[in-house]
Amino acid sequence: MKKVNKIKNIKTHIIGVIGYIFKLLDYLIPKKKNLIFFSMANGAYSDNSKALFEYIIKHKRDEIIAIWLTEKKNKLKHPNICYLWTLKGIWIALRGNVFITSNGLRDIRVGLYFSKRTKVVNLWHAITFKNIGLLDIKIDEKEKRNITKESEKYALFIASSHIDALSFRKCFNLHMGKIVVTGIPRNDIFFNSNYHCSDKFISSIKFSRSGKIILYAPTFRDFDKTQFFPFNDFDPSQLAYFLNDKNAFLFIRPHQNDYPNKKILEELISQYGDHFVLACNDRFPDVAEILPLVDVVITDYSSIFIDLLLKDCPPIFVPYDIKEYERERGLLYDYTSVTPGPKVNSFSEFIPSLDEALNGAAIYKDERMRVKNIFHEYDDGKSCERICKHIINLC
């Protein structure tokens with residue numbers, strides 16, 4: 001045990017030395033105007049960072065040089081994608097004027113060692129709905145200091161609306177002058193009239209183009225495993241019959257950190273047919289690519305339903321442990337007032353709610369519009385365009 005701790009301490013010391021060398025070089029090496037770079041932890045390529053990167057490659061080539069630095073070799077192939085751990089990759093990280101992240105500085109291994117000369121733009125990965133950052137009751141004083149210290153390095157933080165901006169200010173102790181309301185990059189996909197599900201997507205499931213898609217995507221729980229279909233009267237065979245009768249496909253997406261559920265859900269799906277689809281992160285790494293196809297969303301405390309309000313997608317809520325969730329994590333808003341859909345507590349309520357939602361849930365239409373207007377300042381598919389204007393000003 002002592003040997004393991006000694007090796008760990010040596011590695012930490014070496015990483016620290018390399019980091020401070022990087023910080024010194026980052027301070028000394030001249031920045032290249034209009035060179036911006038992206039990265040995501042664990043070699044991921046998705047979410048708001050991906051949406052903005054691809055927009056810049058397509059529309060802003062003459063104004064911005066965009067490079068994606070990946071930490072997983074050979075995973076991504078594109079002329080503007082570079083492996084970080086090469087001389088070229090490190091050189092880009094040192095010369096880059098602006099770093100774009102969807103989570104924080106840890107989206108790139110050297111992020112914590114950026115000097116003040118590297119301007120950081122945080123797109124974040126969701127509209128704020130639950131307590132995060134400084135409002136997370138589980139974090140200690142040291143973590144709070146680290147969050148505040150990191151927030152000071154942000155040149156810009158992106159929000160979807162003014163109320164979203166106020167939430168970010170509280171969660172990350174941000175100066176309001178650093179928060180810009182532009183809309184969320186990944187949501188521009190809803191306004192792409194040419195978007196269609198790819199042949200690869202079609203072939204990955206037994207899906208007919210006339211079928212409807214229901215996305216079941218609850219949030220992650222720090223305190224317990226998420227329960228899917230948490231109903232005492234749950235009848236999977238009846239649900240399978242309903243889906244088949246409605247020509248609907250239920251995409252079940254556990255949170256990427258919710259590993260224990262995967263095997264349970266695989267057994268359910270293998271037993272009850274093709275109208276159930278396990279839409280895990282390893283199969284569909286970028287949920288944004290699914291969202292334009294979704295007709296109904298089922299969730300609990302995830303803000304994914306807020307994104308889908310841009311296409312007036314009816315949500316169904318399963319808040320089976322809301323008291324415990326509010327005690328352990330907490331929500332930023334009064335739950336009832338910002339959830340425009342039925343709250344179901346039994347399977348006998350679930351099926352009629354699902355049937356109503358597949359038919360448009362007209363009874364909740366005004367409520368959906370009201371909540372959409374709270375969380376979405378813009379409804380035009382030009383979020384990336386607005387963000388680019390701010391980035392160009394930073395460069």
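Residues are numbered from 1 along each chain as its sequence is written, and side-chain values use heavy atoms, with hydrogens and water left out. Because the model is predicted, local features need pLDDT of at least 70 and side-chain atom pairs count only at pLDDT 80 or more, while totals for chains, interfaces and linings use all residues.

Colleague: In what order do the strands of the open sheet stand?
Modeller: Strands here are DSSP runs of E of at least two residues, numbered from the N terminus, and two of them pair if DSSP finds at least two bridges between them. The edge strands, β3 (81–83) and β7 (179–181), each pair on one side only. With parallel pairing, the 7 strands have the order β3-β2-β1-β4-β5-β6-β7.

Colleague: Which residues touch the most other members of the largest nonpolar core?
Modeller: A nonpolar core is a set of buried Ala, Val, Leu, Ile, Met, Phe, Trp, Tyr and Cys residues joined through side-chain atoms within 4.5 Å, where buried means under 20% relative accessible area (1.4 Å probe, protein chains only). Of the 66 residues in the largest such core, those touching the most other members are L69, F114 and F251.

Colleague: How many residues does the second, separate core have?
Modeller: Among the members of this second core are F242, I298, V344 and F347. The core is separate, and its residues number 29.

Notes: Buried means under 20% relative accessible area, exposed over 50%, partly exposed in between (1.4 Å probe, protein chains only). Helices (H or I, at least four residues) and strands (E, at least two) are DSSP runs, numbered from the N terminus.
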